[in-house]
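Trainee: Could we go through this model together, one feature at a time?

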Amino acid sequence: MSVRVRFAPSPTGTLHVGGARTAIYNWAFARRNGGAFILRIDDTDPERSTQENTEQILRSMRWLGLDWDEGPEVGGDHGPYFQTQRSVNYDRALATMKENGSTYPCFCTAEQLAAKREQARTPGGFSGYDRTCRSIEPAVAAERIAQGAPHVWRLKVPDDRGVIVVDDAVRGDTEFPAEVMDDFVLVRTDGTPTYNFATVVDDADMEITHVIRGDDHLANTPRQIMVFEALDRPVPHFAHLSMIWGPDGKKLSKRHGATAVEAYDEMGYLPEALLNYLALLGWSLDGETTIVTPEALKENFSLDRISKNPAIFDAEKLEWMNGVYIRELSDEQFVERMLPWLERAGLATKADVEARHDWYLSMAPLVSERTKRFDEIAEMVRFLFEEPEIDDRAREKALQKEGVANALAVTSETLSATAFDAAAIEAALRSVPETTGLKPKIVFQAVRVAITGSTVSLPLFESLELLGKERTLDRIAAAQALAD
RNA sequence: GGCCCGUUCGUCUAGCGGUUUAGGACACCGCCCUCUCAAGGCGGAGAUCACGGGUUCGAAUCCCGUACGGGCUACCA
């Protein structure tokens, strides 16, 4: 039987890193096993579900490179893929359960239930529904329903069920005594299914073989297993993933910085880097390998190497990893990726990149080596597009030193007589310390500040080449006025 | 209250009874390279494997408790 897995986000929010990791594991597992990856939108909460969220989730999935075989926008023969459109399936499942007696109507009011819960949660034990309505004669119940009495449908936990074993790939067999299982609600008063019912019906109808999802569902799994059994459908395998926490060990939230996948795109992360980082946050290839490309993940992912314990999201490691992926980009790719960021900063245009392609290409290796995120680039290359502003600190440190004005004059003179490629520029600049008696560092830093406005910049000789002779000489002249 | 899960360097993890003086990665520190910043190379510090009992010739690894953290216990998902 071929593998079928699903990712079933609820569009009550955006796709966040926790959900993304779940999606990644499902996707990788499907790809590794030649199975199908299904995307289903669990939009049964009409209050909080929105179209925008759904669209953003799909966008984030695509951005990460997670392609699905069945689901919104791609179709499939197990649709529809929105729970709000699957009511016939839930109705049919409930009908099956009514027929085989595994469900019963409950007429208790919310107030009664709340009171019972309050009372039951005391030293000693069971706190679930007390099964009051279970003893109502079917004929009597039918009569009340016919008269329009509000009611829900509950699962009738079999009296002889015994221990329910959850076959979990991450934690091993986990046992739950059936006697602590509640006769939980399957269908609400308004006729809509609850999560634990809808999920099972859909997983059964979509022939899901492996349910890979968050840890928060583990305790609900025995309930869901009983629904599979009541429906006489095969119980899938499970794998429950531990949560991702914020740096303080608490639930990951906006307080900790970005949680939405889309935010990482906006900060200049490469999707491959986020995918790699998230994949390794709770799964390992061999304990040694840290760079796992999407291709490697598709070939090597396995459920048995998922770790049991929760993980703290480490933004610094993600940044490092992003740098690794950025450095692996070809110059061509780098320029392509860099363009939107330069456009956003008002420094470059697509037309300019096309017109001076080689110039941008030669910039790439200098910049890519120093970037961890694309949103840092604009400041690094701004001096190539705009006149630099030399701040007081840089002026003091690099320009207002004994002999610097003279050194800049000499530099200007020698540069005006050289060809403008990095090697020639270097030779020219290295002659300046000799003729002026200043240390090379002093000279170079003065030139750096003159042309970039900062004591920290891209490599000097290459920077001058990129700037061009004319602008270089202009800036040195301007800096002379500020020197000594 | 009940049921369930988790606990190895600051962080992510390797480890699945002896090959371990507990390995790798990020971060940190030092050195090298060097025109600054990076990148890279080399090295360092950092974990009494939550704690306490067992089992065993031998335990981070198996068992039982305890502590701490988390989840579920909704007509939320």
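Mentor: Leu339 is buried, with a relative accessible area of 11%, where buried means under 20%, exposed over 50% and partly exposed in between, with a 1.4 Å probe and protein chains only. This is a predicted model, in which local features need pLDDT of at least 70, side-chain atom pairs count only at pLDDT 80 or more, and totals for chains, interfaces and linings use all residues. Residues are numbered from 1 along each chain as its sequence is written, and side-chain values use heavy atoms, with hydrogens and water left out.

Trainee: Which residues does Leu339 touch, not counting residues up to four places away in sequence?

Mentor: Contact here means heavy atoms within 4.5 Å. The C-alpha atoms of Leu339 and Thr349 are separated by 7.4 Å, although the two residues are 10 apart along the chain. With neighbours up to four places away in sequence set aside, the residues touched by Leu339 are Thr349, Lys350 and Val353.

Trainee: What volume does the largest cavity have?

Mentor: A cavity is a set of points, on a 1 Å grid over the protein atoms alone, where a 1.4 Å probe fits but cannot get out, and lining residues have an atom within 4 Å of a point. Grid points are joined across faces, edges and corners, and a volume is the space filled by probe spheres set on the points. The structure holds one cavity of 30 Å³ or more, and the lining of the largest cavity includes Arg21, Tyr25 and Leu241. The volume of the largest cavity is about 40 Å³.

Key:
Chains lettered and ligands numbered in written order. 1 Å grid on protein atoms, 1.4 Å probe; cavity = no way out; pocket = protein on both sides within 12 Å on 5 of 7 lines; lining within 4 Å.
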